[in-house]
Amino acid sequence: MYCCISLGFAQQTEVVDFKKAAVDIVIRPTLKEIGIDVQYEFEILKDTDSIYLDYREVYHYEVHKKTFKGKFEEVGNKLVFKSNFKKGEKHTLGLVWFTRPKKAIYFIDWNEKKGRKQVWTQGQGKYTSNWLPSFDDVNEKVEFDFSITFDKRYEVIANGKLIKKESPNDSLTKWYYGMKQPMSSYLAAIAIGKYNKKVISSESGVPIELYYYPEDEAKFEPTYRHTKRIFDFLEKEIGVAYPWQNYKQIPVKDFLYSGMENTGTTIFSDSFVIDSIGFIDRNYVNVNAHELAHQWFGDLVTAKSGKHHWLQEGFATYYALLAEKEIFGDDYFYWKLFKSAMDLRALNEGKGEAVLNPKASSLTFYQKGAWVLHVLRSKVGDKPFKAAVKRYLNTYQFSSAETNDFIKIVEEESGQNLDQFVQTWLVNPQLPNDFYDFDKLLTHNSGINENMYSLLGGMQGAPAQVASFRKFKTSDESVKICLNISKVFELSQNELVQKEVPISEELLVNLTKNIPKDSPMVSNNVYKAAFATNNLKVRQTIAQTLTKIPFGLKAEYETLLNDASYETKEAALYNLWVNFPADQKKYLDLTKDVIGFNDKSFRVLWLTLAIVTKNYSGRNMPVYYQELSNYTRAYNHFEVRRNAFVFINELQAFSDQNLADLINGARHPNWRFAKFCRDLLDSIIKNPKYQENLERTKKLLTEKGLVFLEKRMKI
């Protein structure tokens, strides 16, 4: 019996088409509980004796409506309905479902006195069936219409267009969202929190709803900078109209990834909510473009299986790069490709990974997948490539596809046989052996001089021979000039400036690597010229690479504290503090009001330095320590907590509450943060200094936290 059922499971999309789902939801966030009434409409495609829904968490359910006779039973993680289904029949299935899901929907800060209370979903990789009986198979596409009842003080966002809102009583609002087209279950999305929003329109008239925290009005523009331009560019470049009713973007706290391309409803990490200074170092542009590109590549057309995952991630990565090229220019585009190639070369020096390997790394699916498209476009030509992409999307819209489906269309549009290309770029784990051709793809029509490419460490690893590449303005024309590194070393700082030798961050790194150790004057000349560029990225490179500061560069180095870059300020503060102890108080006073990014990395560093600087903190010592200590609390963003844990560990100053927060963090839904906390906790458990603290900390833990700690202490 189980063999027959397993066979039926594998072929469900061939025998039944689930068309619509009306999903009525009530959420009780403090209990982490969801109540659902869902009604599915479906049509039988082939005679069959069973159909099923996937589920993973449930404590009570009832089947309250079914327009067919038969029984149902639980088989593993499936609810199987048995009947004598005949081709052409149309049915309705209704269930009431109560669940306390452990993943795929997350309840943030509802049991904290402080914090940012939110509810949000993440279906890809976590399975929407954890909270909604639905379909783990990405090939089953359904039109989901959500109605959600929640506290009226909060905004409720879901896939589709907001149809209406109702108030069943004085404290609740019911939100109705409707879709017009089907999507995979993993793309179902809910986001709840306290938000404001602004609505803009694309050139084609698509409403773009941009959500932000009420207190972040000043951060709205830098966070969403270039959004309309990205949208308009991708619609034109892809050649297929945006396929959904509207497009929404919602930042959330403690998100598991950078962003997630739920249908028409991108949820992204609020780490990307930045001010104008933060835009220089950590902006949302790439993630913004990547998730938007997924609305076509992944949402409109979904890869049939993990083997073809590059059809989603490779395409989204490539088109995001094209959008960045549109905004930041050709040099930026090819530099990003170059850095990607460097990462792939490192992977290639091992066993490599095939793009069609379903267990490949993100580097392969994303970056190598993007390279496949870059190379393919160069091979077949721009016009056939764009025609093929357009035809591919139109052919498989609201459905799923495999790699061969795309390749076949490219062959037909270009008139080329791509068997060898597929073998070389998609099947083989190693990159092509002829790296010279690989290099050529980077430099072809890119405006990047081959000597400059070698300087930056080209694919063949040729030694750096060129120090700079630039257009010099003359009375007649602009001419390209390359300067040999040895000649750059012979120039004084004044000559470097007078000759307008451009120093980029990459050039600065290469120059300083080649400076003889016994030539401090040469080093100072190069750095002084770099300071004089007033280029934020060049100056940032100085702050991050020049950690032993010559006294002759002290004055110039101090100016880095005034740069409009939090990363520059942070590196400069630490390096100046270490190199010039007599001026530590001055540096701390100059930067005492800087907070930095949302992760508070600058503020946490400042507090730590203020605490350990002799005769600085004085009576403020307890205040500074308490602020630092409070950053480990669960109501903070996990990135803030991680930074605080790092520095408290350096100070060896864990309080009992800090340890309780660390144990709490070790069970956090964000696996990277949880792993960080587990590793740090393991080192503390092994430290005899903290044994008494750990015993006292047990009194601060919940029952689950106590069980976790005791298990950890036995490892």
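Which residue in the hairpin of β5 and β6 takes a positive phi? The residue is Gly76, with a phi near 60 degrees, and the hairpin has 2 residues between the strands.

The model is predicted, so to speak of it needs care: local features need pLDDT of at least 70, side-chain atom pairs count only at pLDDT 80 or more, and totals for chains, interfaces and linings use all residues. Residues are numbered from 1 along each chain as its sequence is written, and side-chain values use heavy atoms, with hydrogens and water left out.

Helices (H or I, at least four residues) and strands (E, at least two) are DSSP runs, numbered from the N terminus. Two strands pair if DSSP finds at least two bridges between them. Strands β5 and β6 (residues 78–85) run antiparallel and are joined by 5 bridges. Val75 stands opposite Lys78 in β6. The open sheet here has 3 strands in the order β3-β6-β5, with antiparallel pairing. β3 (48–54) and β5 (71–75) are at the edges with a single partner strand each, so one side of each has no neighbour in the sheet. Neighbouring strands are turned by 30 degrees against each other on average, direction ignored. Such angles run from 0 to 180 degrees between N-to-C directions, and axes are lines fitted to C-alpha atoms, for helices over the stretch in contact.

A salt bridge comes next. The term stands for a side-chain nitrogen of Lys or Arg within 4 Å of a carboxyl oxygen of Asp or Glu. The structure holds 41 of these salt bridges. One of them joins the side chains of Asp47 and Lys86, at 4.0 Å from N to O. This pair links distant parts of the chain, 39 residues apart. Asp47 lies in the loop between β2 (33–44) and β3, and Lys86 in the loop between β6 and β7 (90–99).

Now take another sheet. It is open, has 4 strands in the order β8-β9-β15-β11, and pairs antiparallel. Its edge strands are β8 (105–108) and β11 (155–158), each pairing on one side only. On average, neighbouring strands are turned by 15 degrees against each other, direction ignored. β8 pairs with β9 (residues 118–121) in the antiparallel sense over 4 bridges. Tyr106 has Trp120 of β9 as its bridge partner.

Further along are two helix pairs. Helix α9 (residues 362–380) packs on helix α12 (residues 419–427) at about 155 degrees, with axes 10 Å apart. The two are therefore roughly antiparallel; angles over 145 degrees count as such, under 35 as roughly parallel, 65 to 115 as roughly perpendicular and the rest as oblique. Lys368, Trp371, Val372, Val375, Leu376 and Lys379 of α9 make the contact with Phe421, Trp425 and Leu426 of α12. Contact means heavy atoms within 4.5 Å. These residues divide into 7 nonpolar, no polar and 2 charged. Ala, Val, Leu, Ile, Met, Phe, Trp, Tyr, Cys and Pro count as nonpolar, Asp, Glu, Lys and Arg as charged, and the others, Gly among them, as polar.

The axes of helix α21 (residues 566–579) and helix α23 (residues 601–612) come within 10 Å and cross at roughly 15 degrees. That makes α21 roughly parallel to α23. Tyr566, Lys569, Glu570, Leu573, Tyr574 and Trp577 in α21 meet Ser601, Phe602, Leu605, Trp606, Leu609 and Val612 in α23. The contact has 9 nonpolar, 1 polar and 2 charged residues.
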